[in-house]
Amino acid sequence: MTAVTVFTVDGEPLPFVPGQTLAAALVASGRIAWRTTRGGGRPRGVFCGIGVCYDCLVTVDGTGGQRACLVQARAGMAVTTGEGDDA
Ligand code: FES
């Protein structure tokens with residue numbers, strides 16, 4: 001059996017499987033977008049999935065501009081979502 005642990009997204013617990021990226025855990029939970037663009041408020045989530053497009057930005061433990069598709073989930077992380085580049 002695979003262990004499942006938890007990080008938080010905007011204060012809500014989100015389970016993940018060790019080895020998943022933040023983006024993988026978010027998508028697995030049913031979230032396809034977690035920020036909006038500054039210019040038009042358009043929803044963004046994973047687009048490239050390989051760290052190129054910056055569509056998946058989140059704030060991790062207070063550090064903004066983190067690409068969710070590249071950051072491996074760890075127990076206890078505090079992830080916040082937002083708008084534009086401030087994610
Ligand atoms: S999905 Fe493109 S950088 Fe993360």
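Which residue in S2 is the bridge partner of Val 9? The legends below describe views of a predicted model, and the second view gives the answer.

**View 1. An open sheet of 5 strands.** The strand order is S2-S1-S7-S5-S6, and the pairing is mixed. Strand S2 (12-16) and strand S6 (63-67) stand at the edges with a single partner strand each, so one side of each has no neighbour in the sheet. From one strand to the next, the twist averages 40°. Strands of a sheet pair through backbone hydrogen bonds, and they may do this in a parallel or an antiparallel way.

**View 2. The pairing of strands S1 and S2.** Strand S1 covers residues 5-9 and runs antiparallel to S2, with 5 bridges joining the two. Glu 12 is the bridge partner of Val 9 in S2.

**View 3. Asp 10 in the loop between S1 and S2.** Asp 10 is not a glycine, yet its phi is positive, at about 50°. Most residues other than glycine have a negative phi.

**View 4. Tyr 54 in the loop between strand S4 and strand S5.** The loop that holds Tyr 54 lies between S4 (43-44) and S5 (57-60). Tyr 54 has a positive phi of about 65°, although Tyr 54 is not a glycine. With a relative accessible area of 40%, Tyr 54 is partly exposed.

Note on methods: Residues are numbered from 1 along each chain as its sequence is written. This is a predicted model: local features need pLDDT of at least 70, side-chain atom pairs count only at pLDDT 80 or more; totals for chains, interfaces and linings use all residues. Side-chain values use heavy atoms; hydrogens and water are left out. Two strands pair if DSSP finds at least two bridges between them. Helices (H or I, at least four residues) and strands (E, at least two) are DSSP runs, numbered from the N terminus. Axes are lines fitted to C-alpha atoms, for helices over the stretch in contact, and angles run from 0 to 180 degrees between N-to-C directions. Buried means under 20% relative accessible area, exposed over 50%, partly exposed in between (1.4 Å probe, protein chains only).
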